[in-house]
Amino acid sequence: QVQLVESGGGLVQPGGSLRLSCAASGRIISIGRMGWYRQAPGKQRDLVADITSGGTTNYADSVKGRFTISRDNAKNTVYLQMNSLKPEDTAVYYCNAIVSPRYVNYWGQGTQVTVSS
C-alpha cells in the first residue's frame, strides 16, 4: 500500500500564496501521473493540475497562470505552488498519484486551503 500525505494548506488572504506538498511513501517502483484536485463543500472534486513522470503539465483553466505544479521524482513528491489566490480557490486539496507496478490510483487525505480576508 502507498500513502500520500499532503501538507502546506492553511488560511491566506486573497492575493496570497501557498505551496502544497504531497509525499508518497510505501512500496513504490515508480509513480506515473501525479495531480492535485480540489473539492469545495457541495461541489464535485475537480482537477487542478497534474504532471506526468516526465514533467508534462496540465492545468485547469481557472488556475492557469497562477498555479504551478512540479515534482521531485527522487523524493516521490509533488508540489503545487499557488499564487494570486482567490476566494474561489477555497477547497480541500487532494493529492493523487498513479503508482506502479500495479498502477493503483491513490489519494491523500486532503489539506484545507482557505482564501479569505
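This is a predicted model: local features need pLDDT of at least 70, side-chain atom pairs count only at pLDDT 80 or more; totals for chains, interfaces and linings use all residues.

Analyst: Residues are numbered from 1 along each chain as its sequence is written, and side-chain values use heavy atoms, with hydrogens and water left out.

User: What makes C22 and C95 a disulfide?

Analyst: A disulfide is a pair of cysteine sulfur atoms within 2.5 Å, and the sulfur atoms of C22 and C95 are 2.0 Å apart, so the pair meets the rule. By this rule the count comes to one disulfide. C22 lies in strand β3 and C95 in strand β9, so the bond ties together parts that are 73 residues apart in sequence; strands here are DSSP runs (E, at least two residues), numbered from the N terminus.

User: Why is the disulfide of C22 and C95 called left-handed?

Analyst: The torsion about its S-S bond is about -80°, and therefore the disulfide of C22 and C95 is left-handed.

User: Why is G32 called partly exposed?

Analyst: Buried means under 20% relative accessible area and exposed over 50%, with partly exposed in between (1.4 Å probe, protein chains only). G32 has a relative accessible area of 24%, so it is partly exposed. By contrast, C22 and C95 are both buried.

User: Which residues does G32 touch, leaving aside its neighbours within four places in sequence?

Analyst: Contact means heavy atoms within 4.5 Å, and G32, found in strand β4, is in contact with I51, T52, S53, R71 and I98.

User: What makes a set of residues a nonpolar core?

Analyst: The set must consist of buried Ala, Val, Leu, Ile, Met, Phe, Trp, Tyr and Cys residues joined through side-chain atoms within 4.5 Å. The largest such core has 32 residues, of which W36, L80, M82 and Y93 touch the most other members. Strand β9 gives the most to this core, with five residues.

User: How do you know that β9 and β11 pair?

Analyst: Two strands pair if DSSP finds at least two bridges between them; three bridges join β9 to β11, so these antiparallel strands qualify. The bridge partner of Y93 in β11 is T111. Strand β2 (residues 10-12) also pairs with β11, in the parallel sense over three bridges, and V12 has V115 as its bridge partner there.

User: Which residues of β11 form its covered face?

Analyst: The covered face of β11 holds T111, V113 and V115, whereas Q112 and T114 make up the uncovered one.

Methods:
Helices (H or I, at least four residues) and strands (E, at least two) are DSSP runs, numbered from the N terminus.
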